[in-house]
Structure formats: structure tokens, C-alpha cells
Amino acid sequence: MSLEGKKLGFIGTGKMGSALIKGICGSGLFSPSNVYASDLYEPSLDELKQNAGINVSTDNKVTVINSDVVVLAVKPQILRKVIESIKEDVTEDKLVISIAAGVKLEDIEKEFNDGTRVVRVMPNIAATVAEAASAITQGQNASKEDAEDALAIFRSVGSAIQVSENLMDAVTGLSGSGPAYIFPVIEAMADGAVYEGLDRNSALILAAQTVIGAAKMVLETGMHPGELKDMVTSPAGTTIRGVRILEEYGVRAAFMNAVIESSNRSKELAK
Ligand SMILES: NC(=O)C1=CN([C@@H]2O[C@H](COP(=O)(O)OP(=O)(O)OC[C@H]3O[C@@H](n4cnc5c(N)ncnc54)[C@H](OP(=O)(O)O)[C@@H]3O)[C@@H](O)[C@H]2O)C=CC1
Ligand SMILES: O=C(O)[C@@H]1CCC=N1
């Protein structure tokens, strides 16, 4: 495999950088001794050094010089400034992966020296538990092998697909932001059961497992979600009463609009 013996670097060890580092090291795809990371915020570096056993530095150049694949995991708003400070060390033998929401490949590529190989990825926070949903898109100088390497990295922490770049805003609104739509659903479903008398811990376990089970049925049966919903709703039964309430509150429209609004913000970040 082409990632064999390679070193992986992260610039930015915030929420997403740390989730990826822990997930990737946990998968065994890279050994912690071959993973480098830098950030301005030392406590997150200390935590990763201690708990993941990776190499850390407050100097981004150290990460770049030591790595074959460099993941840019800083906020979109400071991406340009960070690239400016590392570009001379990003030689053509290195692959750059940007996970910044909204920032287009051509805008990343033009900040680097000509010929820099870039792949853009939208992962999600579930990388921490190896259940991320990621999409990648390949820059003009990146090879098929670079795209395969990026897919291998992100498949080590969940599933990953390749899409054309014009779909990355939709991916961001759906799977990039999506966990934040589901966590409140789990909490609210548990609240309902607590209202009915179940203890909080049991309620959260049952609510979360219900979401896992429903998601697995969609992925593994290949059946349409509507058909799966019909399997649960007995005539004059309990479920259809709950479904009516969700329809009354426009929950499906709310979820659709949440994905669209998040995609719109991703488009704004490109400007
Ligand atoms: N969070 C998520 O679920 C997802 C995030 N993303 C993308 O991942 C990227 C990171 O997001 P997220 O992890 O949430 O953000 P965080 O703010 O949690 O992490 C960014 C980290 O970068 C650090 N940083 C700031 N300036 C520099 C610098 N010059 N050099 C090195 N590190 C620096 C920040 O330190 P300090 O806090 O001190 O500024 C912080 O620790 C974003 O581009 C986002 O769009 C993509 C998918 C999902
Ligand atoms: O909220 C954000 O901007 C980032 C990108 C996708 C998830 N979190």
C-alpha cells in the first residue's frame, strides 16, 4: 500500500484535528511515532502527546518538514495565513489535505507554490469513534494515488467517498455538520422517556442505540427509509401517534432546511 512507511502531520489539533488523530492512531493505519501535530494551543498538544503518543510541536514547520501527508485542520478564516507560513516547506513530494469547510481547492492551490498536490476532504467528528462519514475531492495536481491515499486515511476512521468539488457544500451541510443535528435529537428523545419516568442514563443508552440501529438498517438492508418506517408503524398503534406529532411540528422540513442552511454557510465561506 502506498501509505506504508509514510508520516502524517496535522496543523491544528482542535476538535476535528484531535478526533482524526485519535481515530487514525486507534485504527493502526499510522503508528503514533509516525504522526506529527502542531498547534498554538499547548494543552491540546500535551493531551495528544500523553494520550495518543504522537510527536507534537508549537511550530507548524516541524510538522510539515517531518510529514509526507499534511492535514490542514485550522479554521477556514485563518487557512490562508497558515499556508503562507508553511508554503516554502511544502515541496512537491508532499500531499496536502485540507478539511476546512467552504474553502475551494483553487483558492488553496493558489496560496501554495505551483504544483502543490492538494486533496480537499469534509470529514465529521465521529472520526473519534471510527464512524466518520467523509467525502474527498481531488485537486488539479493530485494524482489518483493521492486520492486513494486520502480515501484510505479517512476510511480508517469510518466511510469515505469521492465526489466532485461542486458537491462539497452539500456534503458539509449533511455529514460535516450533521452530528450536531442528531445529538439534540438523542437528548430530546431521552428527555421524553425521562418525562415518562425512565432514568437518564438508561434513556440516553436506549435513545443512542435506537439511532445506531435505525442508521444500520438503512445502510445494511438497502431499503428506503420510508419503507423501514412503515415496518414500525402498526395500524392504530403507538408509533403512528408519534409520527403524527413529528409531522405536525414540521420536523422533516426542519431537517431539510438545516442541511440547506448549513450548505449555504459553506458557500459563504468560499467568498
Ligand atoms: N468540528 C467539526 O466537526 C468539523 C470541522 N471541520 C473543519 O476542521 C477545521 C478545524 O475545525 P475545529 O477543529 O472545529 O476548530 P478548532 O478551533 O477546535 O481547532 C482549530 C485549532 O487550530 C489552532 N490554531 C489556530 N491558529 C493556528 C496556527 N496558526 N497554527 C496551528 N494551529 C492553529 C486553534 O488554536 P486556538 O484555539 O488557540 O486558536 C485550534 O486549536 C475547520 O476548518 C473546520 O471547518 C470539518 C469537519 C467537521
Ligand atoms: O461548523 C463548522 O463550520 C464545521 C464544518 C463542518 C462541521 N463543523
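Leaving aside neighbours within four places in sequence, with which residues is Thr13 in contact? In this predicted model, the contacts of Thr13 are Ser18, Ile21, Ala37, Asp39, Ser44, Leu45 and Leu48. Thr13 sits in the loop between β1 and α1, and the UniProt annotation "binding site", from an unreviewed entry, includes this residue.

**Overall layout**

- The protein has 271 residues, of which 35% count as buried.
- Its secondary structure consists of 12 helices and 8 strands.
- Taken along the principal axes, the C-alpha atoms fill a box of roughly 70 × 40 × 35 Å.
- Among contacts between residues at least 6 apart in sequence, 66% join residues at least 24 apart.

**Domains**

- The chain is divided into domain 1, residues 8-167, and domain 2, residues 179-269.
- Over C-alpha atoms, the centres of domain 1 and domain 2 are separated by 32 Å.
- Contact between the two involves 7 residues of domain 1 and 4 residues of domain 2.
- On the side of domain 1 that touches domain 2, 5 residues are nonpolar, 2 are polar and none is charged.

**Annotated binding site**

- According to the unreviewed UniProt entry, the "binding site" covers Ile11, Gly12, Thr13, Gly14, Lys15, Met16, Ala73, Val74, Lys75 and Pro76.
- These residues span 66 positions in sequence, yet no two of their C-alpha atoms are more than 14.1 Å apart, so they gather at one spot.
- Thr13 is buried because 28 other C-beta atoms lie within 10 Å, where 20 or more are required.
- Lys15, found in helix α1, counts as exposed because it has 12 C-beta neighbours inside 10 Å, and the limit for that class is 12 or fewer.

**Helix α1**

- The buried residues are Met16, Gly17, Ser18, Ala19, Leu20, Ile21, Lys22, Gly23, Ile24 and Cys25.
- Their packing partners are the strands β1 (8-11), β2 (35-38), β4 (69-72) and β7 (132-138), together with the helices α2 (42-52) and α6 (144-155).
- Two of the buried residues of α1, Ser18 and Ile21, are also among the contacts of Thr13.
- After α1 comes Gly28, with a positive phi near 85 degrees.

**Ligand 2**

- Ala101, Thr172, Gly176 and Ser177 surround ligand 2.
- This shell divides into 1 nonpolar residue, 3 polar residues and no charged ones.

Definitions and conventions: Residues numbered from 1 in each chain as written. Chains lettered and ligands numbered in written order. Predicted model: local features only at pLDDT ≥ 70, side-chain atom pairs only at ≥ 80, totals over all residues. Helix = DSSP H or I, 4+ residues; strand = E, 2+ residues; numbered from the N terminus. Domains from an automatic or database assignment. Nonpolar A, V, L, I, M, F, W, Y, C, P; charged D, E, K, R; others polar. Near = placed C-beta within 6 Å. UniProt positions renumbered as here; feature names shortened; annotations may be inferred.
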